[in-house]
Amino acid sequence: MSKQQSEIRTLHAAFAEKVDAVLAALEMEGFLPAECPRAGVTVEPPREASHGDLATNAAMVLAKQARANPRDLAARIAEKLAQDPDVEAAEIAGPGFINLHLSDTAWRAELAAIAALGDDYGRSPLGASTTVNVEYVSANPTGPMHMGHCRGAVVGDALAALLEFAGHRVIREYYVNDAGSQVDTLARSAYLRYREASGEDIGAIPEGLYPGDYLIVVGQRLAKELGARFMSEPEAEWLPIFRAEAVTAMMDLIRDDLALLGIHHDVFSSEAALQLAKKPEAAEAWLRKHDLVYDGVLEAPKGKAPPEDWEPVELPLFRSTRFGDDQDRPIRKSDGKWTYFGADLAYHMQKAEQADALIDIWGADHSGTVKRIKAAVAALSQGQGKPIPFDVKLVQMVQLMRGGEPLKMSKRSGNFVTIAEMVEEVGKDVVRFTMLTRKPEAQMEFDFAKVVEASKDNPVFYVQYAHARIHSTLRKGAIEGLVPSADHIDLLGAEELDLIKQAAQFPRIVEAAAQAREPHRLAFYLYELAGALHAYWNLGNDSPGKRFIIAQESDLSGARLFLADQIGQVIRNGLALLGVEAVEEM
RNA sequence: GCGCCCGUAGCUCAGUCGGAUAGAGCACCAGAUUCCUAAUCUGGGGGCCACAGGUUCAAAUCCUGUCGGGCGCACCA
């Protein structure tokens, strides 16, 4: 944001400052105790439009500290606010709300702010340039991306964009689990395809190996590059080579799939590299020193019947119970290798070295491991001497449907819906927007038949159509020599002001969504803004005088086209954060 | 048995660090519209916010318990 732009105050930000200034003045005058905390004070639009444009609860929140009746305190605050030229009336209502009615001029000025800020309208300094690491997707590199990964990918990506817009530095990170037994399985599966490509009849893919066709090309390439030299070698000879090759191939595949969704990570962190760098050892040493890791015996699982081959063994255990977990957790297996958790713990420590806050986006099937990783980060925070804010966002399962019928999938047979197929069928924008029209922690259905409907019932279409409608209106206006102009925005009346008020919400929606880390709020907001635009448009059906383009009235048309242009700008800014294209025609 | 998430209109879902009379779309009912900016429009009915307690000026929202649904529960990843 340029220096000049940073001096432009959006309306909601300006009023938050104004209320704050009034409270400061009352402190000076002795009506409020010095430096009284104002954390609970809000300035926001009331739900009920008749209550005015903005309302503040300041008097109710501060009444106790001021030892005053809320309504009396409200009167003092209201009196000062009423002196502001942008305030037409400041009324006291209910238990002590202060309702502000703003001047039309103040609202119209917001249009100019949108125009001046353009793509930066809504950008916020809230994050104060602190660095947030968002780790998302992190699917095992054993095959193409499928539906199970999709929601977390989209939510994580939109969240990253949102946080960036809200003033954070953001690291988009993918953790590559290239060190566990699953990648060994992958290597064996690729080896089999290599034998196949070298002319051997491999028959059916044995149970326990990955049967997917996507490994055929990998085998072919390896056969070409390596020749037949590994055909009769023992596994120990070829496994590391095939593992590395296969993982590389899978990550290329995954990157391509993610690109189809418009997702690009900044950092791909390898678990194998982490282990090679002895990061888990370093973490363990530190934890042992602080008595947070000890050698102990794992308890048998309670409640349900223990497995047949259950035997108590001594393992290095992390004291996660000290931080709220139900059980201490092993960081190494009995063969001395790291458990997933042991490596993940070190990985989080590594991430924390580069960031002020961490966010993980996980699938709901990992909910059982949230407590232990939170415990780990809490423990490691102590080592850093500062708390590391850490959030795990769980995204729930998506039930795929087609025309109301659930889609059957079996991962084992390799018969699952991939992201590539999905994007090809319904398009990136539909996938992304639909995934964001539900809060992530609630389960959702995704119906292939419904999401492609080009009708009002379909939120993606509805929002994109609003933008396209604006664009076509501007195009038509231009043909008639009518161009957007701020010269006569005083001609904009009540209906237009309603639209401006809706658009002016955008900056505070961005901040609220960023603070709550809930990108879906943007999607709902855009749906409402689009609704307001369509409603305004419909006025023109019955009253030609309410249309954007009125040939004989270039001043009025210019003002309305300016309005349309700015609404389009806000929709564009919002869709950009969601990674959905603001199309210019449908 | 334990942990996490969810429970809001018939359906799918919103609901701002707790705020004023709980919202939207679909469906339903009634109207409008073939002149137009129609990928339709306007209006209406519909709620014990799962249930029961608690916290306070104020609870769908926070706490406790119960019921219902989903996910998970050894060294897997």
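Select Leu 358 and Phe 390 in this predicted model: Leu 358 stands opposite Phe 390, which belongs to strand 12. Now widen the selection to strand 11 and to strand 12, residues 390-395; the two run parallel and six bridges join them.

One pair to pick out is Val 132 and its bridge partner in strand 11, Ala 357.

Move on to RNA strand B and show the residues around it. There are 65 of them, and those that come nearest are Asn 140, Val 313, Trp 537, Asn 541 and Arg 547. By type, the residues of this surface divide into 26 nonpolar, 23 polar and 16 charged.

Which part of the RNA do the protein-facing atoms belong to? Of the atoms of RNA strand B within 4 Å of the protein, 59% belong to sugar or phosphate and the rest to bases.

A polar side-chain atom of Asn 140 lies 2.4 Å from a sugar or linking oxygen of RNA strand B. For Arg 438 the distance to such an oxygen is 2.5 Å, and for Lys 371 it is 3.1 Å.

Finally, colour the elements that give two or more residues to this surface, among them helix 3 (58-66), strand 4 (97-102) and helix 19 (520-542). Helix 19 gives the most, with seven residues.

Note on methods
Residues numbered from 1 in each chain as written. Chains lettered and ligands numbered in written order. Predicted model: local features only at pLDDT ≥ 70, side-chain atom pairs only at ≥ 80, totals over all residues. Heavy atoms only, no water. Near = heavy atom within 4 Å. Polar contact = N/O pair within 3.5 Å; in protein donor to acceptor, adjacent residues only side chain to side chain. Helix = DSSP H or I, 4+ residues; strand = E, 2+ residues; numbered from the N terminus. Nonpolar A, V, L, I, M, F, W, Y, C, P; charged D, E, K, R; others polar. Pairing = 2+ DSSP bridges.
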